[in-house]
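Visitor: I would like to learn how to read packing features in a model. Can you take me through some cases?

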Amino acid sequence: MNIDSAKKEVKAFKRIDERYNEVYKRCIELCPDMRNLVEQISHINPPRANEYKELYLRKQNGDSKATNRMIEMYLRTALRFSLDAAEKTSLPLDEIFSEAVIGLAEYVQRYDLQKNRLFSSYIISGIHQGINAYIRQNSSYIPLPVCPNRRDSKSRKGKIQFGLILLYV
């Protein structure tokens, strides 16, 4: 990594930290018991460019520190998504966050570099899956089928895809 790219990375980390400071404050306001955890998460370095590739190879060789780093570098993302879910559903933030971390850890274990998936996108889907499973089990909701707006009709070849909108009662 040359000096210019290192400077750009430091600037990007500062911008990310500024955005997450508001998330940290809101988390502590919503769940004061999580103060220590939130402070620890705030000090974790975000992922570096392509760091996951090196960590994946080390994880494949049985390095548990690499697995832990793969999990910890996305804890702030799990916290942000958990906060959003807690504010929308009025469910406890600490419990939603626990499920998000479980989803994150499961997806880190299942990740396969050879399948050419972008690690961050794959991990985020694991976080969402953990959160959504908790919400389905612990709140009243009505699933509604929806057809999302299609941006690129060529890639979907005219097929209609369905998702779920959750109405909380």
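**Charges over rings**

Guide: This is a predicted model. Start with Arg-76, which lies over the face of Tyr-20, 5.3 Å from the ring centre. Another case is Arg-110. Its charged end sits over the ring of Tyr-107, at 4.3 Å from the centre.

Visitor: Is Arg-76 buried or exposed?

Guide: Arg-76 has 5% relative accessibility, so it counts as buried; the cut-off is under 20%. Arg-76 is found in helix H5, residues 75-89. A polar atom of its side chain lies 2.7 Å from the backbone oxygen of Ile-44.

Visitor: How do I read a pair of aromatic rings?

Guide: Two values describe the pair: the distance of the centres and the angle of the planes. The whole structure holds eight aromatic pairs. In one of them, Tyr-111 and Phe-119, the centres are 4.9 Å apart and the planes at 85 degrees, so the pair is edge-to-face.

Visitor: What is the geometry of Tyr-111 and Tyr-122?

Guide: Their ring centres are 5.6 Å apart with planes at 55 degrees, so this pair is tilted. Tyr-111 lies in the loop between H6 and H7, and Tyr-122 in helix H7, so the pair ties together parts eleven residues apart in sequence. Both Tyr-111 and Tyr-122 are buried.

Visitor: Which residues form the aromatic cluster?

Guide: Tyr-52, Tyr-56, Tyr-74, Tyr-107, Tyr-111, Phe-119 and Tyr-122 form one cluster. Phe-119 is buried, with a relative accessible area of 0%. Leaving aside neighbours within four places in sequence, Phe-119 contacts Tyr-52, Met-70, Met-73, Tyr-74, Val-108 and Tyr-111.

Visitor: How should I read a nonpolar core?

Guide: In soluble globular proteins, nonpolar side chains tend to be buried together. Here the largest nonpolar core has 42 residues. Leu-79, Leu-104, Phe-119, Ile-123, Ile-127 and Ile-131 touch the most other members. Helices H1 (3-30), H2 (35-42), H3, H4, H5, H6 and H7 each supply at least two residues of this core.

Visitor: Which residues of helix H3 are buried?

Guide: In H3, residues 51-60, they are Glu-51, Tyr-52, Leu-55, Tyr-56 and Lys-59. They cover an arc of only 125 degrees around the axis, which puts them on the same side of H3.

Visitor: What do the buried residues of H3 pack against?

Guide: Their partners are helix H4 (64-72), helix H6 (93-110) and helix H7 (119-138). Just after H3, look at the backbone too: Gly-62 takes a positive phi of about 90 degrees.

Conventions
Residues are numbered from 1 along each chain as its sequence is written. This is a predicted model: local features need pLDDT of at least 70, side-chain atom pairs count only at pLDDT 80 or more; totals for chains, interfaces and linings use all residues. Side-chain values use heavy atoms; hydrogens and water are left out. Buried means under 20% relative accessible area, exposed over 50%, partly exposed in between (1.4 Å probe, protein chains only). Helices (H or I, at least four residues) and strands (E, at least two) are DSSP runs, numbered from the N terminus. The arc is that of the directions from the helix axis to the C-beta atoms. Contact means heavy atoms within 4.5 Å. A polar contact is a pair of N or O atoms within 3.5 Å; within protein, one must be able to donate a hydrogen and the other to accept it, and residues adjacent in sequence count only if both atoms are side-chain atoms. A nonpolar core is a set of buried Ala, Val, Leu, Ile, Met, Phe, Trp, Tyr and Cys residues joined through side-chain atoms within 4.5 Å. Rings of Phe, Tyr and Trp (its six-membered ring) pair if their centres lie within 6.5 Å; planes under 30 degrees apart count as stacked, over 60 as edge-to-face and the rest as tilted. A charge sits over a ring if NZ of Lys or CZ of Arg is within 6 Å of the ring centre and within 35 degrees of the ring normal.
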